[in-house]
Amino acid sequence: MNTNGGRRRAAKPPTIHDVAREAGVSRGTVSRVLNGGHYVSPAARESVEAAISRTGYVVNRHARSLITGRSDSVAFLLTEPQERFFEDPNFNVLLRACTQSLADHDIPLLLMIAGTEAERRRITRYITAGHVDGVLLVSSHTGDPAADQLRDAGVPLVACGKPIGHTGKVSYVAADDRDGAHDMVRHLYASGRRRIATITGPLDTPGGIDRLAGYRQALAETGLEADERLVATGDYTRVGGEHAAERLLAAVPDMDALFVASDLMAQGALTALKRANRRVPEDIAVGGFDDSPAALATTPELTTIRQPWDRIASEMVRLLLAQIGGADTSAVILPTELVSRGTV
C-alpha cells in the first residue's frame with residue numbers, strides 16, 4: 001500500500017560513495033579516477049569504471065569545479081563574422097569533429113563567435129575569467145589580437161592552422177597547405193594543361209600564403225611560366241571566387257586550368273566559367289581545396305585536396321587537453337590527399 005498520498009518518492013541519484021561501495025574501493029580512489037586516473041592501478045580503474053556504468057553515476061561538474069578550480073568545458077572560438085560560420089562548410093565540419101572528440105572525454109564544447117572588436121573584448125573577458133579551461137581557436141588573419149590576448153592571460157590555447165606571427169608561441173594543428181597545392185597543380189599539369197591559373201585565399205592567412213607558394217613551386221618544377229596575370233586573390237567566399245574567376249577570364253582568356261584555394265570559391269568560379277560558356281573540364285580543368293561538402297555540390301563534382309578534418313580536430317583536442325594538464329606548446333602538420341572527381 002502506498003502511504004504517501006499516491007505519490008512515489010523519487011529515487012536518489014547515485015553518489016560517489018555508491019560507486020566506491022559497488023567497486024569495492026575507497027572514495028578517494030574513485031575521486032582519483034574521476035580526476036584523471038593518476039596513482040590508480042589499472043585493475044582499480046577498471047573496477048571503478050564498471051561501477052560507474054552499473055550505478056549510472058553522473059559527475060557533479062559544479063561540485064568538482066569548486067574543488068579543482070576548473071570549469072570542465074572548452075571554447076571553440078571563431079573570430080570571423082557570423083555569416084561566415086553559416087556560409088563556409090569547413091567551420092561546421094570542424095566544430096562537429098571537435099565536439100565529438102571532446103565527448104570522448106565527457107567535456108562540453110561552447111561555440112563562441114567574435115566577428116567584431118566589441119564581441120572579441122566581451123568574449124575575451126569571459127574566457128580569461130576562468131569560465132572555460134581552454135580554447136580551440138579558429139582565427140587565421142594577421143593582426144587578430146585574440147591569440148595574443150589569450151596567450152598573455154595564460155589561457156591554454158590551440159589554433160587551427162598556423163597562427164601567423166605566433167609560430168613557436170601558440171600550439172596549432174594544420175594541414176600541409178603548400179604540399180596540397182603543389183600536388184593539385186602537378187595533377188593539372190599531368191592532365192595536359194599548360195596555362196594554369198590560381199585563385200588564392202586572402203594573403204594575410206596561412207592558407208592563402210602557403211597554397212600560393214605550393215602553386216608557384218609546382219610551376220617552377222614543371223617549367224611553366226610564372227605569369228602574375230594568372231594569379232587572382234580571393235577571400236574564401238563563393239562570391240569572391242566568382243569575381244576572381246571573371247578577372248582571370250578577362251586577363252588570360254587562354255587559361256586551360258584553374259586551381260582554386262577553397263572549394264567554396266571554386267563553386268563561385270564554376271558559376272563564372274559556365275556564364276562565359278567555358279566547359280569544365282573540356283575547356284578549363286578546375287581543382288579545389290578542402291574536400292568540404294561544397295565539393296560534392298558542384299556539377300561536375302569537384303576534384304579537390306582533402307584536409308583530414310577529423311584528425312585535425314582530434315589533434316587539436318589532444319594538444320589542448322595536454323596543455324590544460326601542464327604540457328608545453330607544440331605543433332602538428334598533417335598530410336593532405338588529392339581526391340579526383342569530374343572537374344579535371
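# Briefing: helix packing, aromatic pair and backbone features

Helix H1 (residues 16-23) packs against helix H3 (residues 42-55) at an angle of about 120°, and their axes are 8 Å apart. That angle makes H1 oblique to H3. The model is predicted. The protein chain holds 13 helices and 12 strands, and 50% of its 344 residues count as buried. Of the contacts in the protein chain between residues at least 6 apart in sequence, 72% join residues at least 24 apart.

**Contact of H1 with H3**

- H1 and H3 cross in a right-handed sense.
- On the H1 side, the contact is made by Asp18, Val19, Glu22 and Ala23. On the H3 side, Ser47, Val48, Ala51, Ile52, Arg54 and Thr55 take part.
- By residue class, the contact of H1 with H3 divides into 5 nonpolar, 2 polar and 3 charged residues.

**Contact of H6 with H13**

- Helix H6 (residues 89-103) and helix H13 (residues 309-324) pack with an angle of about 50° between them and with axes 8 Å apart.
- H6 and H13 are therefore oblique to each other. Angles of 65 to 115 degrees would count as roughly perpendicular, and those under 35 as roughly parallel.
- The crossing of H6 past H13 is right-handed.
- H6 contributes Asn90, Val93, Leu94, Ala97, Cys98, Ser101 and Leu102 to the contact. These residues meet Trp309, Asp310, Ile312, Ala313, Ser314, Met316, Val317 and Leu321 in H13.
- The residues of the contact of H6 with H13 comprise 11 nonpolar, 3 polar and 1 charged.

- Leu95 lies in helix H6. Leu95 counts as buried because its relative accessibility is 16%, with the cut-off for buried set at under 20%.
- Not counting residues up to four places away in sequence, Leu95 touches Phe76, Phe85, Leu109 and Leu111.
- Leu95 and Val138 are 43 residues apart along the chain, and their C-alpha atoms are separated by 9.8 Å.
- Asp88 is placed in the loop between helix H5 (82-87) and H6. With 7% relative accessibility, Asp88 counts as buried.
- Leaving aside neighbours within four places in sequence, Asp88 is in contact with Tyr236 and Leu264.

**Aromatic pair**

- A search of the whole structure finds 1 aromatic pair. The rings of Phe85 and Phe86 have centres 5.3 Å apart and planes at 80°, so the pair is edge-to-face. The cut-off for edge-to-face is over 60 degrees.

**Cis peptide bonds**

- The peptide bond from Val280 to Pro281 is cis, and its omega is near 10°. Pro281 sits in the loop between helix H12 (263-275) and strand S9 (285-287).
- The peptide bond from Thr299 to Pro300 is also cis, with omega near -5°. Pro300 belongs to the loop between S9 and strand S10 (304-306).

- Asn277 is not a glycine, yet has a positive phi of about 60°. Asn277 is found in the loop between H12 and S9, and Pro281 is placed in the loop between H12 and S9 too.
- At 67% relative accessibility, Asn277 counts as exposed, the cut-off for exposed being over 50%.
- Asp290 likewise has a positive phi, of about 130°, although it is not a glycine. Asp290 is found in the loop between S9 and S10, and Pro300 is found in the loop between S9 and S10 as well.
- Asp290 counts as buried, with a relative accessibility of 3%.

How values were computed. Residues numbered from 1 in each chain as written. Predicted model: local features only at pLDDT ≥ 70, side-chain atom pairs only at ≥ 80, totals over all residues. Heavy atoms only, no water. Axes fitted to C-alpha atoms, helices over the stretch in contact; angles between N-to-C directions. Helix = DSSP H or I, 4+ residues; strand = E, 2+ residues; numbered from the N terminus. Parallel < 35°, antiparallel > 145°, perpendicular 65-115°, else oblique. Left-handed = near helix turned anticlockwise from the far one by under 90°. Contact = heavy atoms within 4.5 Å. Nonpolar A, V, L, I, M, F, W, Y, C, P; charged D, E, K, R; others polar. Buried < 20%, exposed > 50% of the residue type's maximum accessible area, 1.4 Å probe, protein only. Phe/Tyr/Trp six-rings, centres within 6.5 Å; stacked < 30°, edge-to-face > 60°.
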